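Welcome! Here is a short tour of a protein chain, from its surface to its charged pairs.

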Amino acid sequence: MGILTIARQKKGWRDLLRAYCVEVDGEDVGKVRRGETFRVDLPAGSHSVRLKIDWCSSQTIEVDGEADTLLHCAPGGTALTALPDIMVFTDHYITLVRG
């Protein structure tokens, strides 16, 4: 069994007061707010992880449940890309990367 840790950056104005839903294998397992860290135990095997807010999300990252994994997230884009991000590039609205 491994631990998945998701750390959300404190900076940025987008989604300042809103939480991102954490999905593992398509199921909601919790939320992460600005400046917070979220942790969840993962069973052995391969798992897909993504973050969601409304109809927008991050890209999906595959993680191994047998190892501890650190991911960092933040609002994606800039003030200039906010409208295209919520209308066209919905799976890039949140940035999710390995730490």
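Accessible areas come from the Shrake-Rupley method with a 1.4 Å probe, and for residues only the protein chains shown count as cover. The protein chain exposes about 5800 Å², and carbon and sulfur atoms supply 55% of that area.

This is a predicted model, in which local features need pLDDT of at least 70, side-chain atom pairs count only at pLDDT 80 or more, and totals for chains, interfaces and linings use all residues. Residues are numbered from 1 along each chain as its sequence is written, and side-chain values use heavy atoms, leaving out hydrogens and water.

The chain has one helix and nine strands (DSSP runs numbered from the N terminus: helices are H or I with at least four residues, strands are E with at least two). Along the sequence, they follow the pattern β-β-β-β-β-β-β-β-α-β.

Now for the salt bridges, where a side-chain nitrogen of Lys or Arg is within 4 Å of a carboxyl oxygen of Asp or Glu. By this rule, there are two:

| Pair | Closest N and O atoms |
|---|---|
| Asp54 and Arg18 | 2.9 Å |
| Arg50 and Glu23 | 2.9 Å |

Arg50 lies in strand E5 and Glu23 in strand E2, so this pair ties together parts that are 27 residues apart in sequence.

Which of these residues is buried (under 20% relative accessible area; exposed is over 50%, partly exposed in between, with a 1.4 Å probe and protein chains only)? Glu23 is buried, at 12%. Arg50 is partly exposed at 26%, as are Arg18 at 37% and Asp54 at 47%.
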